[in-house]
Amino acid sequence: MGFITVAAGFIQENAYIFFDAENGKAAIIDPGGDADKIAELLKNKNLTVSHILLTHGHYDHTGAVEELRRECLAPVLAHEAEEKLLLDPRQSYASAPLQLDKFLKDGDIIEVGGSKLRCIHTPGHTAGSCCFYAEDEGLLFSGDTLFLGSVGRHDLHTGNGDVLFASIKEKLYTLPGNIRVLPGHMSETTIEHEKTHNAFVR
């Protein structure tokens, strides 16, 4: 398995292509924009998209969803608690409501080729924020929950600071320290680094 980071949209959010090179299956995580760029990368690597996964519903993580859903004919999945935000542009700041194809629950497994991503519900940035954990590969796609030396905002619609801090401490900091954290913005980090150095949550 491998992954490609794509600086997507006008704010250069981190979108990811998580793929199995052996069988050509891939999942797109948080395509915030630049659908053409993402589609070209998929074509160049001869990848077929099995899922489009959203860590949460803010516009900067969903801007290319509809175009890629049409292009790839792949279902769009997010945690069930994010449905209301996705359907309300006043909360998501998107230009239109976004319908999901399937709802996820905490602990659900998404199979991508020969690998698995586990949905970890981490509310706080939004009510339905989640992370996608590839245990065998040692990767955590953390969306806007956990960043290098920081955490996601919790002052927007459905956000809650106390809930966010609890999500990080109870669900992310319990993962092995060497797990690579791949966030929605900024550079990657590790669980151990954040447990030791993150001034917001220790």
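Predicted model: local features only at pLDDT ≥ 70, side-chain atom pairs only at ≥ 80, totals over all residues.
Reader: What makes Leu146 count as buried?

Author: Leu146 has a relative accessibility of 0%. Buried means under 20%, so Leu146 counts as buried. The residue is found in strand E11.

Reader: Which residues does Leu146 touch, not counting those up to four places away in sequence?

Author: Leu146 touches Val151, Ile168, Leu172, Tyr173, Val181, Pro183, Ile191, Glu194 and Asn198. Ile168 and Leu172 are among the buried residues of helix H6. Strand E11 (146–147), in turn, is included in what covers the buried residues of H6.

Reader: How do you know that the length of H6 agrees with its number of residues?

Author: Helix H6 comprises the 12 residues 161–172. The expected span is 1.5 Å times one less than the number of residues, and for H6 this should be 16 Å. The end C-alpha atoms of H6 are 15 Å apart, which agrees.

Reader: Why are the buried residues of H6 said to be on the same side?

Author: The buried residues in H6 are Gly161, Leu164, Ser167, Ile168 and Leu172. They cover an arc of only 120 degrees around the axis, and therefore they are on the same side of H6. Asp162 and Glu170, on the other side of H6, are exposed. Besides E11, the elements that cover the buried residues include strand E9 (130–134), strand E10 (139–143), strand E12 (150–151) and helix H7 (191–197).

Reader: What makes the buried residues of H1 line one face of the helix?

Author: In H1, the buried residues are Ala35, Ile38 and Leu42. Their directions fall within an arc of 70 degrees when seen down the axis of H1, so they line one face. The face of H1 turned away from the buried side carries Asp36, Lys43 and Asn44, which are exposed. The buried residues of H1 are covered by elements including strand E1 (2–8), strand E2 (13–20), E3, E4 and H3.

Reader: Why are the buried residues of H3 placed on the same side of that helix?

Author: Val65, Leu68, Arg69 and Cys72 are the residues concerned, being buried in H3. The arc they cover around the axis is only 105 degrees, which puts them on the same side of H3. Arg70 and Glu71 are exposed on the face turned away from this buried side. The buried residues pack against strand E3 (25–29), H1, strand E4 (48–53), helix H2 (59–62) and strand E5 (76–79).

Reader: What describes the packing of H1 with H3?

Author: Helix H1 (residues 35–44) and helix H3 (residues 65–72) pack at an angle of about 35 degrees, and their axes are 9 Å apart. Their crossing is right-handed. From H1, Ala35, Asp36, Ile38, Ala39 and Leu42 take part, and they meet Glu67, Leu68 and Cys72 of H3. Classified by type, this contact has six nonpolar, no polar and two charged residues.

Reader: Why is Thr158 called partly exposed?

Author: Partly exposed lies between the limits of under 20% for buried and over 50% for exposed. Thr158 has a relative accessible area of 38%, so Thr158 is partly exposed. Thr158 lies in the loop between E12 and H6, and its phi is positive, near 70 degrees.

Reader: How do you know that Gly159 is partly exposed?

Author: The relative accessible area of Gly159 is 25%, so Gly159 is partly exposed. Gly159 has its place in the loop between E12 and H6.

Reader: How far apart are Gly159 and Ala127 in sequence and in space?

Author: Gly159 and Ala127 are 32 residues apart in sequence, with their C-alpha atoms 6.2 Å apart. Leaving aside neighbours within four places in sequence, Gly159 is in contact with Gly124, His125, Thr126 and His154.

Definitions and conventions. Residues numbered from 1 in each chain as written. Heavy atoms only, no water. Axes fitted to C-alpha atoms, helices over the stretch in contact; angles between N-to-C directions. Helix = DSSP H or I, 4+ residues; strand = E, 2+ residues; numbered from the N terminus. Left-handed = near helix turned anticlockwise from the far one by under 90°. Contact = heavy atoms within 4.5 Å. Nonpolar A, V, L, I, M, F, W, Y, C, P; charged D, E, K, R; others polar. Buried < 20%, exposed > 50% of the residue type's maximum accessible area, 1.4 Å probe, protein only. Arc of directions from axis to C-beta.
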